[in-house]
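Hi everyone, and thanks for making time for this. Please have the sequence and the model open while I talk, and stop me if a term is new to you.

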Amino acid sequence: MEESLRTYKVVTYGCQMNVHDSERLSGLLEEAGYAKADQDGDPDLVVFNTCAVRENADNKLYGNLGRLAPAKQSHRGMQIAVGGCLAQKDRDTIVRKAPWVDVVFGTHNIGHLPALLERARIEQQAQVEILESLETFPSTLPTRRESAYAAWVAISVGCNNTCTFCIVPALRGKEEDRRPGDILAEVEALVAEGVVEVTLLGQNVNSYGSDLGDREAFSKLLRACGQIEGLERVRFTSPHPRDFTDDVIAAMAGTPNVMHQLHMPLQSGSDTVLKAMRRSYRQERFLGIIEKVRAAMPDAAISTDIIVGFPGETDEDFEQTLHVVRQARFANAFTFQYSKRPGTPAAEMDGQIPKAVVQERYERLVALQEEISWEENKKQVGRRLEILVAEGEGKKDDRTDRLSGRAPDNRLVHFTRPAEPVRPGDMVTVEITYAAPHHLLAEGPTLAVRRTRAGDAWEKRQAAPAAKPAGVMLGLPSIGVPAPSPAPAGSGCGCD
């Protein structure tokens, strides 16, 4: 009798880069003979791909590890692995606090996971392997992508910035850029498999080229993506205001398949706080970028990241943040209360803000941004938009008999289910009839349905037998740009 495949589950915390790394981990495991566990199944292997940016990251991980301890005791042969940024940071601490963990691996050696699991099984001893520099560019590893129609494509790893609140550069290392030809080859392969939307991904995408000696490499890459037949939507995340140059704006405006959507992390509107954060721009520079983007693309939807309560932030500093929010009129903002992270310069700064003060400021900021988001969304009412039908974006779709998808500017749209069959990856044209702060509704009849190769790819994947994993599948997360869960959509790790 044939031995059944060992099953796995990957649990991901944090940024888009972690989500993309988890696809690589899944691909590696399937190539090694594992099969993805059923939703309700009891897996033989659980892999935690961790984040170290938020203060509760440690508690979340150790809480989940604690809950798994009894399951491992009763499930013979079960293994637990911990990787990602928190593993890179905590190393031996994880095994000391949770001795039932089998493997701890870092951000630079995800390709070693299958071998480490096998070694742990043979030696009956936890394996801890943390490399200090990147061994293999992750995009050369096998991948099991979660969507047939939209894909992440990493253009760089690491970060050269030294923001005082961020630990990511210490954990992921200095920026390393992929060669443009390798990136475009991956995009072309994805499109050949049915993908219609790609998101170019990096901790700081528009510093791309610093490794290659070409300051306009990113805008050239955007324009080159515009030449790929069958690629309908191109997005990117996240840029940095310091490196956001006019040639990128021109490439966005002049390349038809580059979407008029931009995630531009602000972090603070105060020049004093920006200096303390070691952010190499000031309020005037940031608002100048927004003005140039809107002049070139009046319909652009701009989102941002903001940290409230950074050490030393005064009431006046916070008012400057509110001023920028009013001026920039972001479509949405990912707002965070400052989280002290050991190992960052900000953790040792004087002027740590009391929790109650941070909470009050945070609530004021959220209320202001909600008001602006709603006003900006109301401007969409009456517009006809082509929506890329998504999978799993509308939590109430089954109850409301609606489907959901993303507009070109990445706004979430719920629309009435058309009479003819529509698949994730297909395109529908609808008229917006109602706006809420975080989504749009199209309650009338669908105006047009366009069946796509992406829909065909989704249908083919659904029909494929699930017994034996394919190892490497081209496709991707169930969204174009990352949704605002579990982490900021475009903030990388909130460090951009």
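Let me start with a question: are R178 and E186 buried or exposed? Both R178 and E186 are buried. Here buried means under 20% relative accessible area, exposed means over 50%, and partly exposed is in between, with a 1.4 Å probe and protein chains only.

Before going on, a word on what we are looking at. This is a predicted model, where local features need pLDDT of at least 70, side-chain atom pairs count only at pLDDT 80 or more, and totals for chains, interfaces and linings use all residues. Residues are numbered from 1 along each chain as its sequence is written, and side-chain values use heavy atoms, with hydrogens and water left out.

Now the overall picture. The chain has 15 helices and 21 strands; these are DSSP runs numbered from the N terminus, with helices being H or I of at least four residues and strands being E of at least two. Of the 496 residues in the chain, 58% are buried.

Back to R178. This residue lies in the loop between β9 (176-177) and α7 (180-192), and its relative accessible area is 9%. The side chains of R178 and E186 form a salt bridge, 2.6 Å from N to O. A salt bridge is a side-chain nitrogen of Lys or Arg within 4 Å of a carboxyl oxygen of Asp or Glu. In general, side chains of opposite charge can pair when their charged atoms come close. The R178 side chain also reaches the backbone oxygen of D182 at 3.4 Å.

How many salt bridges does the count come to? The count comes to 25. One of them joins D426 and R423, whose closest N and O atoms are 3.0 Å apart, and both D426 and R423 are buried.

Another pair to find is E376 and R329, whose side chains meet in a salt bridge at 2.7 Å, N to O. This pair links distant parts of the chain: E376 is in helix α13 (residues 355-378), while R329 is in the loop between α12 (315-328) and β14 (332-337), 47 residues apart. E376 counts as buried because its relative accessible area is 12%, whereas R329, at 26%, counts as partly exposed. R329 and E376 also belong to a network of salt bridges with E375 and K379.

Let's stay with α13. Its 24 residues reach 34 Å from first C-alpha to last, close to the 34 Å expected; the expected span is 1.5 Å times one less than the number of residues. Its buried residues include V358, L365, L368 and I372. The buried residues of α13 pack against β13 (301-308), α12, β14, β19 (434-435) and β20 (440-442).

One more helix pair. The axes of α11 (residues 283-296) and α12 come within 11 Å and cross at roughly 10°. Axes are lines fitted to C-alpha atoms, for helices over the stretch in contact, and angles run from 0 to 180 degrees between N-to-C directions. So α11 and α12 are roughly parallel, a label for angles under 35 degrees. Their contact, meaning heavy atoms within 4.5 Å, involves residues including F286 and I290 of α11 and H323 and V324 of α12.

Last stop, helix α1 (residues 16-31). Of its 16 residues, 14 are buried, and α1 is followed by G33, whose phi is positive, near 105°.

Note on methods: Polar contact = N/O pair within 3.5 Å; in protein donor to acceptor, adjacent residues only side chain to side chain. Parallel < 35°, antiparallel > 145°, perpendicular 65-115°, else oblique.
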